[in-house]
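Visitor: I have a structure open on my screen and would like to talk it through with someone. Could you be my guide?

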Amino acid sequence: MDFSFQDLSGTFSVADVALAMTLSFVLSAMIGWVYRATHRNVSYSQSYVQTLVVLGMLISLIMLVVGSNIARAFALVGALSVVRFRNAIKETRDVGFIFLVMGVGMAVGTRFYLLAVVAGVTISLIILLMHRFNWFQLNVRRQVVKVQVPADEDYTPVIQDVLIRHTDEFELVSMESIRGGALTELMYTVKIKKGGEPGDLMAALRERNHGQSVTVLTGYDQTDL
């Protein structure tokens, strides 16, 4: 029986490995800084950005290992398919950054160095431009309004009369019986008139629903009475 071992590291030089790891680190770190600079919501995660950097380097390493060997490629796919990630992605843009570092890592690992640099820098600049000039913003003020009314009579015309005076448009989304049938909760999507305030709408609705709860949801902020 032959117990000899064969080292395949000679298929790439130390310089190849050093260049691939360094370039993938620099480009992935740049993408991480772009993500940090353009993040707007409260769900920022330092560990996620650090993972982006590590992921770019890992993909580069994997591509060096695979090379042009199809058998290794299938073996790595089988091995990586065992891994399960249970953390939910909070924003769709987070998925885009994952694919960006993966693409850069693949380009570096397959020694398309110029492609990796040009693509990474270009896409990062586009992301910064979209953030700086707020591209594709929809300038529509829409809120979700929840109104609770007694269930003993139909309050829909009364509530809609208030909405007509305070909003440009509204739509009834749902009606739900709550508190054992004692109350009915009406949910609307509304577009408040220019210059109007959610507080004014809430005050007008409370005058008509006998002091029951009125809730106005605006993005991530909630005003509740």
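Visitor: Which residues is Gln143 in contact with, leaving aside its neighbours within four places in sequence?
Guide: Happy to start there, with the reminder that this is a predicted model. Gln143 sits in strand 1, which covers residues 142-150. Setting aside neighbours within four places in sequence, the residues in contact with Gln143 are Tyr188, Thr189, Val190, Ile192, Val216, Leu217 and Thr218.

Visitor: Is Gln143 buried or exposed?
Guide: The cut-off for buried is under 20% relative accessible area. Gln143 has a relative accessible area of 4%, so this residue is buried.

Visitor: Leu217 was among those contacts. What is the separation between the C-alpha atoms of Leu217 and Val145?
Guide: Leu217 belongs to strand 4, residues 214-218, and is partly exposed at a relative accessible area of 25%. Along the chain, Leu217 and Val145 are 72 residues apart.

Visitor: Let's step back to the whole chain. What pattern does the chain follow, read along the sequence?
Guide: The chain holds seven helices and five strands. Buried residues account for 30% of its 225 residues. Reading along the sequence, the pattern is α-α-α-α-α-β-α-β-β-α-β-β.

Visitor: Now helix 1. Which helices do the buried residues of helix 1 pack against?
Guide: Helix 1 runs over residues 14-38 and has 25 residues, reaching 36 Å between its first and last C-alpha atoms, close to the 36 Å expected at 1.5 Å a residue. Its buried residues include Ala20, Leu23, Leu27, Ile31 and Val34. An α-helix has 3.6 residues a turn, so residues three or four places apart point the same way. The buried residues of helix 1 pack against helix 2, helix 4 and helix 5.

Visitor: How far apart are the end C-alpha atoms of helix 2?
Guide: Helix 2, residues 46-66, has Tyr48, Leu52, Gly56 and Met63 among its buried residues. Just after this helix, Gly67 takes a positive phi of about 60°. At 1.5 Å a residue, the 21 residues of helix 2 should span 30 Å, which agrees with an end-to-end C-alpha distance of 30 Å.

Visitor: What does UniProt list as "transmembrane region", and how far apart are the end C-alpha atoms of residues 95-128?
Guide: The UniProt record, an unreviewed entry, lists residues 12-35, 47-75 and 95-128. In the model, residues 12-35 are 92% helix and 0% strand, with end C-alpha atoms 32 Å apart. Residues 95-128 are 91% helix and 0% strand, and their end C-alpha atoms lie 17 Å apart.

Visitor: Where is Arg111, and what is its phi?
Guide: Arg111 lies in the loop between helix 4 (92-109) and helix 5 (113-132). At 39% relative accessibility, Arg111 counts as partly exposed. Most residues other than glycine have a negative phi. Arg111 instead has a positive phi, near 70°.

Visitor: And what is the phi of Arg179?
Guide: Arg179 is in the loop between strand 2 (167-178) and strand 3 (183-192). At 61% relative accessibility, Arg179 counts as exposed. The phi of Arg179 is also positive for a residue other than glycine, near 50°.

Visitor: Finally, the second largest pocket. Which residues are the closest to its centre?
Guide: The second largest pocket holds about 410 Å³ of space. Of the 17 residues that line this pocket, the closest to its centre are Thr38, Arg93, Ile127, Met130 and His131.

Visitor: How many residues of each class are in the lining of that pocket?
Guide: Helix 4 and helix 5 each supply at least two residues of the lining of the second largest pocket. By class, the lining has seven nonpolar, seven polar and three charged residues.

Technical notes:
Residues are numbered from 1 along each chain as its sequence is written. This is a predicted model: local features need pLDDT of at least 70, side-chain atom pairs count only at pLDDT 80 or more; totals for chains, interfaces and linings use all residues. Side-chain values use heavy atoms; hydrogens and water are left out. Helices (H or I, at least four residues) and strands (E, at least two) are DSSP runs, numbered from the N terminus. Buried means under 20% relative accessible area, exposed over 50%, partly exposed in between (1.4 Å probe, protein chains only). The expected span of a helix is 1.5 Å times one less than its number of residues. Contact means heavy atoms within 4.5 Å. UniProt positions are given in the numbering used here, feature names are shortened, and annotations may be inferred rather than shown by experiment. On a 1 Å grid over the protein atoms alone, a cavity is a set of points where a 1.4 Å probe fits but cannot get out, and a pocket is an open set with protein on both sides within 12 Å along at least five of seven lines; lining residues have an atom within 4 Å of a point. Grid points are joined across faces, edges and corners, and a volume is the space filled by probe spheres set on the points. Ala, Val, Leu, Ile, Met, Phe, Trp, Tyr, Cys and Pro count as nonpolar, Asp, Glu, Lys and Arg as charged, and the others, Gly among them, as polar.
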